[in-house]
Amino acid sequence: MIHNNSQWSAASGQFLFLLFFLAACQNATVQESGKNQLADARSPYLQQHANNPVHWYPWGEEALQKAQRDNKPLIISIGYAACHWCHVMEHETFENDSIAAFMNEHFVSIKVDREERPDIDQIYMDAVQLMTGSGGWPLNAIALPTGEPFFTGTYFTPKQWMKLLQQVQEMYETDYDRIAETAKKVTEGISASNAMELNSEPTEVNSARLKQFVDGMLANVDTTYGGFLSDQKFPLPVAWNFLLTAGTILENENIEIALRNTLDRMTSGGLYDQIGGGFSRYTVDTEWKIPHFEKMLYDNGQLVSLYAKAYRWTGNEDYLKVVESTLQFVERELQSPEVPAFYSSIDADSEGEEGLFYLWEMDSLHQHFSSTEVQWLQQYFALEPDGNW
């Protein structure tokens, strides 16, 4: 329930201080260039939006001061270079002249690269999870000129986005106190969710407590397809690393069954690149079949550790092959030839289409393989002439 209240809490003041502190840390000097101020940004993701008709600002004190000077709410749109739906929303919405004109007239718009500014991303990710129960990218927040969010969401169609902005603009002019109270509550929620209290009483960690925690995790495991129960499947290597370690302590047969099933299912489905090695970020189904094709360095690094530990624990040679092929993929595709560094991700899109690089037509197989080999591939990969999805 929302109550009218014009007084800001101490949490709001701390939040505002944090925002301006982060803004002051922004090193990039923003210059007017073209249609917006992203042309000179260091981030490739921000540069991709430099020619949008939206008058984007990078995160910084200039944008925050402009919003307060003009008394306009902030639009804070957060994404990253390999994010498929970030690109979709850009092409559908942020390249739309009429939508951009409305944004430019009534809002101050900030574009953030979450890989460049994880600190800013964390604040608004906390907000969207508090307000909606879930999160993701693109992350779009609408906030007071001082930065406190009062509405958050992820992907919007052009029609949804325009309707939302019109409603926010009208409410900002006619019912500001209600918006301010919402922002206050969200800010307090963010502060509370990040507060940690030290436990002054020593807590004994023993096998009984460990078993209790493990049993809770196992109750959420998909016993058919592996992984954790969800409409979409993420590999979550940290969770499985924990269970693997717990399994060596507890000697719990159910842990080994769940772990083996998950590792085998992940590498036999679409999440794992059967040809080039490496793992996609997640699958959009429950069976590890249809991947979201972006590949992340941190996912693959953690999965190498997981499969290496699983190989050491089980002696399964297939896990060793996964480790080797994934490291080969990282070295081949994610290592920069110019500097001693690695790329953080590979885009899901190829030539503007998601997964185009990875998808094969049956005609292409016939061009590259003999009829006998194609029959073998069809049988091994359960290929359908009209496509598998």
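Predicted model: local features only at pLDDT ≥ 70, side-chain atom pairs only at ≥ 80, totals over all residues.
Gly-79 stands opposite Asp-113 in strand β3. Strand β2, residues 74–79, and strand β3, residues 108–113, run parallel and are joined by six bridges. In general, the strands of a sheet pair through backbone hydrogen bonds, either parallel or antiparallel. Here the sheet is an open one of five strands with mixed pairing, and reading across it gives the order β1-β3-β2-β4-β5. At the edges lie β1 (57–58) and β5 (149–153), each of which pairs on one side only. Helix α7, made of residues 158–174, lies across β2, β4 (139–143) and β5, and it runs at about 15 degrees to β4.

Now for the rings. The structure holds 19 aromatic pairs. Phe-151 is partly exposed, with a relative accessible area of 27%, whereas Phe-156 counts as buried because its value of 12% falls under the 20% cut-off. Both belong to a cluster linked by ring pairs, along with Trp-56, Phe-94 and Trp-161.

Charges turn up over rings too. Trp-56, a member of that cluster, has the charged end of Lys-111 sitting over its ring, 4.7 Å from the centre. Likewise, the charged end of Arg-114 sits over the ring of Trp-137, at 3.9 Å from the ring's centre.

Key:
Residues numbered from 1 in each chain as written. Heavy atoms only, no water. Phe/Tyr/Trp six-rings, centres within 6.5 Å; stacked < 30°, edge-to-face > 60°. Buried < 20%, exposed > 50% of the residue type's maximum accessible area, 1.4 Å probe, protein only. Lys NZ or Arg CZ within 6 Å of the ring centre and 35° of its normal. Pairing = 2+ DSSP bridges. Helix = DSSP H or I, 4+ residues; strand = E, 2+ residues; numbered from the N terminus. Contact = heavy atoms within 4.5 Å. Axes fitted to C-alpha atoms, helices over the stretch in contact; angles between N-to-C directions.
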